[in-house]
Amino acid sequence: MPAIVIVGAQWGDEGKGKATDLLGDDVDYVVRYQGGNNAGHTVVIGDESYALHLLPAGVLSRTATPVIGNGVVIDPAVLLSEIDGLAARGISCDRLLISASAHLIMPHHIALDKVSERYLGNAQIGTTGRGIGPTYSDKAARMGIRVQDMLDPGILYQKLELVLREKNQVLTKVYNRRGIDAKAVAKEYLGYFERLQRYVADTGLILNKALDDGKAVLLEGAQATQLDVDHGTYPFVTSSSPTAGGACAGSGLGPTRITKVIGIVKAYTTRVGSGPFPTELTDASGEWLRKNGHEYGVTTGRPRRTGWFDAVIARYATRVNGITDYFLTKLDVLSGLEQVPVCVAYDVDGTRHDEVPMTQTEFHHAVPVYEYLDGWWEDISSAREFSDLPPNAQAYVRAIEDMIGAPLAGVGVGPRRDQTLQLRPLL
């Protein structure tokens, strides 16, 4: 049975939560495989809207088991708050599984994230200040603290005391901040663990056995291809691997288990935080897209940078992820435009680039080369079949499909579950 990966094909906020939610009732497990509470998914079911940050969108499914994989970094206070928030709305998290090997975001990670970003001044990366980067840094440096460490209070305290010897030196002597007490942190986190322990499991083993038993597993990433630490617009990236390859490392499933990779792409482009963005609009058109698309961060509330669709980065995402199918979201936002520009290539100092330039310097200097497609005036939010779309909207979708290197399986014409046009099966 299939293991399917859902990835963002731009800079995030493409609507991965909606796509995951649509498939949630047709799979047995939905796995979040990387990132932390620096990202968010918005899922709209009927008149209800749910903002998820650490929990997989599959938690809203009636049947699927939601899993937080080993590649995720967890702030336990945030996770418990999210669980309690859903419980207050009648959504149970009883089926939730948390990998024992996932790393924990600790108070020193959050403190260092905030203060180090502030000290960068004009060179800031644009982090959310939630400790994600420092947690992944400690993971790579083999100084991290994992969920399983809370099973042994002595080990937890010992690791904290060792790590804080260095971190407190940095906080107090470099940044003139207050040090952190290991005993107090251990007590606080063991208090969280009293409630979280029931969810902890060997998730990699469970997922592999599920596939052996003929069950379906959906792997859900946060952020997106252009924010991947290896393949994105480095250093303006996240600290993990949101690409399809990261799904294997972050879940414990081998690459031969993956049968399909679904790329989520918005009908235009947005970005949060610093870094290059070739099609960015800083004029009235950009504000029009932001207003019509409600482009504000789920986690931070920050206004997103907006721009026209970029086929160059979509083709890049197809290549890097091995995308087999695409899901196009927010087509309805473009209604009302006389013409819709689409970036088909870049001009870099007089040279045309049909693919993403090799170097960061070239990408920073990339000027979009546009083609202009005829727009449409009709409200398409009530369309339920592709044939319901006006001819120019259909032509826009088909033109995008031809440019991005993989077929479109679905088109979103609104935020709700039922506002989806299926062109071919997603499973």
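This briefing walks through the overall build, surface and cysteines of the chain shown above. The structure is a predicted model, where local features need pLDDT of at least 70, side-chain atom pairs count only at pLDDT 80 or more, and totals for chains, interfaces and linings use all residues. Residues are numbered from 1 along each chain as its sequence is written, and side-chain values use heavy atoms, leaving out hydrogens and water.

**Overall build**
- The chain holds twelve helices and 20 strands, which are DSSP runs (helices: H or I, at least four residues; strands: E, at least two) numbered from the N terminus.
- Its radius of gyration is 22 Å, close to the 22 Å that the globule rule gives for 427 residues, so the chain is as compact as a globular protein of that length; the radius is taken over C-alpha atoms, and the rule is 2.2 Å times the number of residues to the power 0.38.
- Along the principal axes, the C-alpha atoms fill a box of roughly 65 × 50 × 40 Å.

**Contacts**
- Of the contacts (heavy atoms within 4.5 Å) between residues at least 6 apart in sequence, 75% join residues at least 24 apart.

**Inside and surface**
- Buried residues make up 57% of the 427 residues, where buried means under 20% relative accessible area with a 1.4 Å probe, counting protein chains only.
- The accessible surface (Shrake-Rupley method, 1.4 Å probe) comes to about 17500 Å², and 50% of this belongs to carbon and sulfur atoms.

**Cysteines**
- Cys93 counts as buried at 5% relative accessibility, and Cys343 counts as buried at 0%.
- The chain has zero disulfides when a disulfide is a pair of cysteine sulfur atoms within 2.5 Å.

Technical notes. Buried means under 20% relative accessible area, exposed over 50%, partly exposed in between (1.4 Å probe, protein chains only).
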